[in-house]
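Here's a quick tour for anyone meeting this structure for the first time. Have a look at it before reading on.

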Amino acid sequence: MIQARLVFHKPGPTPDTQGARIEVFCLEPIEPYDYQLSLGSTTGCVWKCMVGNLKKWKGGLLQVGPLYAEKLSTTGNTHQIRFSWEDSTLSFAEILDQLGELPIPPYLNRATEESDKTTYQTVYSRIKGSVAAPTAGLHFTDAVLDDLRKRGIRTSELTLHVGAGTFQPVKTENANEHTMHTEIISVPRQAIEDVREHVGHIVAVGTTSMRTLESLYFIGARMAEHRLQEGVIHVEQFEPYERTYTLSTQDAMQAILDYLDETKQDTLHAETQIMIEPGYVFHVVNQLITNFHQPKSTLLLLVSAFVKGDWHTIYDYALSHDFRFLSYGDSSLLFS
């Protein structure tokens, strides 16, 4: 995770006073588009952001420390913000580490604490980019992972940049009218080979890992039918429901591996907007480790789809036994 929340203050009426507080929450990079290039930039970058107290920011530059922010454009409730700084020895990642705050979930109703920098990170996180933790992974420690290896249980890693959209509730009566957020994923060749070789025995750690793994099937199916368009590989929200594929999971994974060979890449880079809801047919994942989620959330829709609608029994048990819900809560192991 990155410390993606930045707090600016408008200049006050006198040099010794501060004006209105404005929060800028970095969601995903626009320019450069790649996370690592953007976070590594030493000359400036543009990010899609959410802005708190926007009405107080009419225009112009905001400044905190060496960092300047300029609002470029607005689409819906997000804004393109240009960040700039004069010290070319600093990368944007270093500036965020110095000035930013870790964006803990809003439902915790408290400010970020120093301990969150450790406890709200998974032990296996490697690459900066997420603005929310894949919280099912918080239950894993180095000791747990070592024990799994000793028991002959293999693990595969993939990179997904969890966005703030994971907290966005479903506000429509019809879930199909909800716009699903997009997450950027990177899946190494070894993970795809592991899926191909262990179909029927795949456990996803977290709902975002689930969305990533299931998206691989549709990416592979498109590649097998030579329907992959140029540009960013993107799985649409309702693709699983609008087109039926008969390809096996193994063949879908092989199609991705063939694509990586042809393009001389060792990692698949893509985006997924896939929405998993009741009626979805699972192609990759057989078991799911996940926390207990809020009502009216896309995460609960996914759980309902996975357990074939029997989520009430699971959640009634959790509530009657005082299980803790949400990010710092208890976990569950679900079977399809």
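Start with a pair of helices: H6 passes H9 in a left-handed crossing, meaning that the near helix is turned anticlockwise from the far one by less than a right angle. On the H6 side, the contact (heavy atoms within 4.5 Å) is made by Thr207, Met210 and Arg211, and on the H9 side by Leu299, Leu302 and Phe306. Sorted by type, the contact residues come to 4 nonpolar, 1 polar and 1 charged. The axes of H6 (residues 207-224) and H9 (residues 298-306) come within 10 Å and cross at roughly 65°. Those axes are lines fitted to C-alpha atoms over the stretch in contact, with angles from 0 to 180 degrees between N-to-C directions. Helices here are DSSP runs (H or I, at least four residues), numbered from the N terminus.

This is a predicted model, where local features need pLDDT of at least 70, side-chain atom pairs count only at pLDDT 80 or more, and totals for chains, interfaces and linings use all residues. Residues are numbered from 1 along each chain as its sequence is written, and side-chain values use heavy atoms, leaving out hydrogens and water.

Now for two single residues. Buried means under 20% relative accessible area, exposed over 50%, and partly exposed in between (1.4 Å probe, protein chains only).

| Residue | Relative accessibility | Class |
|---|---|---|
| Ser215 | 0% | buried |
| Tyr124 | 24% | partly exposed |

Ser215 sits in H6 and, beyond residues up to four places away in sequence, touches Val235, Thr272 and Ile274. Tyr124 lies in the loop between H3 (116-119) and H4 (142-150). Its C-alpha atom is 8.5 Å from that of Glu157, 33 residues apart along the chain.

Key
Helix = DSSP H or I, 4+ residues; strand = E, 2+ residues; numbered from the N terminus. Nonpolar A, V, L, I, M, F, W, Y, C, P; charged D, E, K, R; others polar.
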